[in-house]
Amino acid sequence: MNYDIPTDLIERLIEIRRELHANPELAFEEYETTAKLVQLLTEYNIRILPLPLKTGLVAEIGDENKGPTIAIRADIDALPIQEETGLPYSSKNPNKMHACGHDFHTVGILGTAILLKKFEKDLQGKVQIIFQPAEEIGKGALEIIKTNVLKDTKVMIGMHNKPDLPIGTLGIKSGPLMASADGFTVEVKGKSSHAAVPEAGLDSILTASHIITSLQSIISRSISPLESAVVSVTKFHSGNAWNVIADKAVFSGTVRTFNHEVRQTIKDRLGEISDSVSNAFNSEVKVIWNPGPPPVMNDDKLALIAQGIAHQQNLKVIEPKMTAASEDFSYYLNDIPGLFVFFGTEGNYEWHHPQFDLDERAIPLSVKFFTDFSIALLNELSKNVVTI
Ligand code: NI
């Protein structure tokens, strides 16, 4: 579409971003952020749905009687990090910082909502605007899904800023983009004894060590060399005294994968190896699997439509490398086809760094991209040209 984003709107979005940046809130504590969004959406006459959410919200624009429903998601939470950017609008809240740029996502999608509201009469369907809490702990998407607000939603779209991509560059990739992030804990139960009388005990440290070593065979011997995955043991606790055989050892770690089959194989092998090795050492074992977000799997057709819009806007499109970081956007993709893109924000520091910053020129670019992408999706879906 041929239109310009009003300069005063761009200035306002930058101002709002700086205000959000100065007042970051952690996962499930985004009360002021939510209140601010309610105030702004109300000011622009955008409908907010009455949902049982403590923080975060869902708004909507358009009419579901005129066509399909799509959803755009922005995450709104910050991280427990002490900011060290020295920016004039640095965090006022000690040990809290928008170090992952969710303040940028929030205003990019807010600006999109404001523009879509202007074009509301012409929208061929409905656009849901999701301001999601608690992405950083991987739990907010599930809260939104629980409300059932997405039962008729045909397509989900969302973004993450990317400091290593220049302004005006968009990372679009079909298929896997970001990893699943599961946790596990293994508890080995042996029997204590005098350290000088080991035959009277069952050494849980030795058993756990053998399990840990064997776990490192999963990637090399149970997963195809053409796949990528990570198994990392990151904590190991056992023993209380130098002269006592420890009766209990507990270790934990994480598994990252880019597809559902690999994820299942690793989970199965983790259980089998723990059981078999413990059995060999006459010890008992308990394996606790803590499922996190699945991998982000992008839809091929949506990726093509997004590329078309990006080209129209003279954005440079690249195919980004997969990242082993996770994103709870993936929970939406369990039931709804979607696309998660990387937006170039040209910063010197990576996500979660205390000096993380982004270039605000990306704000109007993201507004324009998501506005046009939403309109194109509604048009394509309502014409049934594309069956997603
Ligand atoms: Ni993030």
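**Close-up 1. The loop between α1 and α2, with F28.** F28 is found in the loop between α1 and α2, in a model that is predicted. Although F28 is not a glycine, its phi is positive, at about 65 degrees. The relative accessibility of F28 is 26%, and the residue therefore counts as partly exposed, since that class lies between the cut-offs of under 20% for buried and over 50% for exposed.

**Close-up 2. The packing of helix α1 against helix α2.** Helix α1 comprises residues 7-22 and helix α2 residues 31-43, and their axes come within 11 Å of each other while crossing at roughly 160 degrees. Angles over 145 degrees count as roughly antiparallel, and α1 and α2 are therefore roughly antiparallel to each other. The crossing in which α1 passes α2 is right-handed. On the α1 side the contact involves R12, I16, E19 and L20, which meet T33, K36, L40 and E43 in α2. Sorted by class, the residues of this contact of α1 with α2 are three nonpolar, one polar and four charged.

**Close-up 3. The packing of helix α1 against helix α10.** Helix α1 also packs with helix α10 (residues 362-383), here at an angle of about 115 degrees and with the two axes 10 Å apart. That angle makes α1 roughly perpendicular to α10, and the crossing of these two helices is right-handed. The residues that meet are I10, L13, I14 and R17 in α1 and I363, P364 and V367 in α10. The contact of α1 with α10 has six nonpolar residues and one charged residue, with no polar residue in it.

Close-up 4. H352 is found in the loop between β16 (338-344) and α10. Its phi is near 75 degrees, which is a positive value in a residue other than glycine. With a relative accessible area of 38%, H352 is partly exposed.

**Close-up 5. The packing of helix α5 against helix α7.** Two packed helices are described by the angle between their axes and the distance between the axes. For helix α5 (residues 204-215) and helix α7 (residues 260-280), the axes come within 9 Å and cross at roughly 145 degrees, in a crossing that is right-handed. T207, H210, I211, S214 and L215 of α5 make the contact together with L270, I273, S274, V277 and S278 of α7. The residues of the contact of α5 with α7 divide into five nonpolar and five polar, and no charged residue is counted there.

Terms used:
Residues numbered from 1 in each chain as written. Predicted model: local features only at pLDDT ≥ 70, side-chain atom pairs only at ≥ 80, totals over all residues. Heavy atoms only, no water. Axes fitted to C-alpha atoms, helices over the stretch in contact; angles between N-to-C directions. Helix = DSSP H or I, 4+ residues; strand = E, 2+ residues; numbered from the N terminus. Parallel < 35°, antiparallel > 145°, perpendicular 65-115°, else oblique. Left-handed = near helix turned anticlockwise from the far one by under 90°. Contact = heavy atoms within 4.5 Å. Nonpolar A, V, L, I, M, F, W, Y, C, P; charged D, E, K, R; others polar. Buried < 20%, exposed > 50% of the residue type's maximum accessible area, 1.4 Å probe, protein only.
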